[in-house]
Structure formats: C-alpha cells, structure tokens
Amino acid sequence: MVEFGAMRLRPLVANVRQRERLFAAGLIVYLLIAADIVPGVTGLQATHEPGYLDVVNIDTAGDVVRQALLAPFFLGSVYLLVRARLRENLRQVGWPVAVVIAICFFSAAWSPDPLATLRKVLGLFGTFAIGTYVAGRMSSFRFVKLLEVAVILALAGSFVWLVVAPDKALDTNGQLRGLFNHKNILGQFAGVGYLAFLSFAMRETGRRRMVQLCGAAFCVLSLLLAGSATPFIAISFVTAWVYGRARWGLRPRELAVLTLVACIGGVLFLIAAPDAFTEIIGRDATLSGRTNIWQFALQMAAQKPFLGYGYGVFWLGPNSPGSLFWDTTLQFELSAHNGYLQCLLDTGMIGLFATFAAVLKPLLRAQRFTGVARLYGHRPENFAEWFLIFLLVLNVAEIRFFDPTSVVTFVFAYVSAHLREATRLHQIAERPPFVT
C-alpha cells in the first residue's frame, strides 16, 4: 500500500514541479518584455535623436508590438486574481496604490487625449495585476533569483548585440543601449539587477558570495558603458545606506538625517562652485538640459496644481501641453526627467501625495523587520527596502513612478504587495494564543 501510494504521488509532484518551472519561465519572459528589449530583438531601435517631426508625429497608440506581447500576461493575471481570493488580493494592493490608479483613470475626464490616458491606465492596471498575483504565489527569495536570471540574459544579450550589430547596440552618442530602446532603460534594469545580486551577496559566503559579487560587478560595468548617471548614483546611495546599516549599525532615521545633510551640502556646493560640481558629475550646468525642463514643468504644474493635466499625455503629440516647451526651446523631450514633477503634471498634488504614501508605507514596513544590526545583511526584506530607496533616488532625474508597463513598476507592485502580506502574517504570528 505504501509503495502504491508513493507511485501515485510521484506524478503529482512531477506535475507540480513542471508547473512551477513553466511559471518561472513565463515570469522571466515577462520581465524581459517589460524591460523593453523588444526594439532590439525586432530591430526597431531609434537611429537618431528625436527632432520636431518625431515628437509632433509620435504614435499616440504606443508600441503596438510590445502591447500585444504583454496583453496575455495582463489578461491572465486579472483572470486569476478575480478567480481566487479577490478580496484578499485587493487588500494586498493597498489604498495608496488604489488611489493613484483611480486618479489616473478619472483623469481621462480632463485629459487632452482621453483614449491615450485610458490605454496607459490599462497598462498600469495590468502591471499591478501581475505584480500582485506573483506576490501571492512566489517568495521574495525565488523572485529575486528569477530577476537575476532575467537581468543576466538581457545584459549578456546586449553585449552579444554589441558584437553583432554595434551600430544598433550603441546610441547616437556612442553609449551602450544593447537590446534596449534607450541607454537609461538598460541602466535602470542593470540597477535593479545590482540590488538583487547585492542582496544575495550579503547572505552568502565563500564561492557563492563571489558569484553574486561578479553578477553585481557585471551590472555596474553595464551601467558605466551605458553612461546612465542616475541609476549609478541611485545604487551608490543604496550601497552607502547598506554599509551604514550593516557595518555601523545606524538606524534608518539617523541615515535619513545624514542624507538630508548631504543633500543640503550638495546644493550649497552647487551654488558656490557650479563648474566644479558639474565637472564631478560629468554633466553641463543644465544637467543635460534637465534644469530647463524642470523650470517649465514647475510653471505648468502651478497652473493645474491639484489634479494635473491627465495621466501620461502631457508630452504626447502636437496639441499636448508639453508642445509649448518644444516650440520655445527647440529641445524635444518626451518627459519631465523627474518622477516627482511628472506626477504633478499628470495627477497633481493629490496624486503626488498618494504616490509618496504608496512608496513610503512599504518602505516603513520593510524597515520594521530590522532585527539585530549584525544580522541586517541576512534579512529577506533587504531587497525590498533597497529597491524602494533606489526608486526614490532614481526619480530625481528619471520618470519611473507608476510608469504604465515598466519593469520598475512591476517590481514595485510585487514588493508592495509582498510586504503587505508579510506584515499581515507577521502580525498574526505575534498574536498571543487563544486560551479557553
């Protein structure tokens, strides 16, 4: 009887393992598509810097090929979430994220291009559906492992693409973009990969730690070749944060104060010696034209401070509010190059405050699992904490807060939902046992 039962269990175990492998493979494929390597694979990478005709004639429908590839993942995740434990899954999303998505949806009412806004909202909703579903099914350990695999595949493929088609793998300034549509997207994915490898390097020892450190070094090399400054600054800040917590035993509040002091010092240094400051960071006085965009964005945000201009359409097309910037400066940008300002433009102060709550609440949850300072490097919540800090720094000069189909948004959706569920289980475990 025992042998007969074991024989019946073996096919069941094999089927479970096969489903898990298929699920992992599907997640890796999704990560690669969300990381925007489709232009490199299809050979549709841009061959020149955008000009006036490019920005005014931009296709408001977006990347149709990429949308078609992502659609099955979106629809499948929504179906699975509705089918199983809908109320619990909605609770995992959390009210700040729900408020941001709701504002983005209703902003179609005052958007200059309502259909474009709704299309982007569907992409945002689908991304959070996938992140929430994966958070309910996969541990953070396995998720970060699969994230490492996806990053290595994308970056290794980018170097292969550099050998095969160097004219396409390098942008117009000779910087590495590999299979990606833009060097900054490569930099952001490499930055997330660096955090994944660093989280395992802190836990492992010996040869396994060396393997993880090599992976982190490969991500840094890719960042340097891409010349993507903001992700590099973000991972440098996270590395300093990790060192302060793991080696010096500093608390998050103490590190936040040190960060504030460093920021004030940096601003004073910029005012006192602007030429030396720009030489250190490798940018001109306008930070590659960003200060002009920021000034314009602040002026436009002041005109519609509470609800903004509508989600995802400020820089879309010749009749968009951002077209005034192109006409007056002949600088053809498609974003505010600052996630905080872009939130103001898209959803106003209400959306910006909800975005802060959506990011800071899970960050505080991650930091509640602090434990003893010398054990800080072994916490499973480390990647979540470091990623959220990375996200806050990254958006100083990039736009990755609630970017509809971005891989950064997906990782945020997973981290937010996973930490919410982990906190709930932790609270249940700490409740005193019921005694009759």
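1. Contact here means heavy atoms within 4.5 Å. Sorted by class, the residues of this α12 and α18 contact are 12 nonpolar, one polar and two charged. The nonpolar class holds Ala, Val, Leu, Ile, Met, Phe, Trp, Tyr, Cys and Pro, the charged class Asp, Glu, Lys and Arg, and the polar class the others, Gly among them.

2. A word on the model before going on. It is a predicted one, in which local features need pLDDT of at least 70 and side-chain atom pairs count only at pLDDT 80 or more, while totals for chains, interfaces and linings use all residues. Residues are numbered from 1 along each chain as its sequence is written, and side-chain values use heavy atoms, with hydrogens and water left out.

3. Now the geometry of that pair. The axes of α12 (residues 229–246) and α18 (residues 382–394) come within 9 Å and cross at roughly 140 degrees. That makes α12 oblique to α18, oblique being what remains once angles under 35 degrees (roughly parallel), over 145 (roughly antiparallel) and 65 to 115 (roughly perpendicular) are set aside. Axes are lines fitted to C-alpha atoms, for helices over the stretch in contact, with angles from 0 to 180 degrees between N-to-C directions. Helices are DSSP runs (H or I, at least four residues), numbered from the N terminus. The α12 and α18 crossing is right-handed, meaning that the near helix is turned clockwise from the far one by less than a right angle, left-handed being anticlockwise.

4. Helix α12 also packs on α11 (residues 206–226): the two axes come within 9 Å and cross at roughly 145 degrees. This crossing is left-handed. Val-220, Leu-223 and Leu-224 of α11 meet Pro-231, Phe-232 and Ile-235 of α12. By class, the α11 and α12 contact has six nonpolar, no polar and no charged residues.

5. Do look at Ser-107, in the loop between α6 (95–106) and α7 (114–137). Ser-107 is buried, at 0% relative accessibility; buried is under 20% relative accessible area, exposed over 50% and partly exposed in between (1.4 Å probe, protein chains only). Beyond neighbours within four places in sequence, Ser-107 touches Thr-117, Gly-310 and Tyr-311.

6. Finally, the cysteines. With a disulfide taken as a pair of cysteine sulfur atoms within 2.5 Å, the count is zero. For Cys-343, the nearest cysteine sulfur belongs to Cys-104, 8.1 Å away. Cys-343 is buried at 8% relative accessibility, whereas Cys-214 is partly exposed at 47%.

Note on methods:
Helix = DSSP H or I, 4+ residues; strand = E, 2+ residues; numbered from the N terminus.
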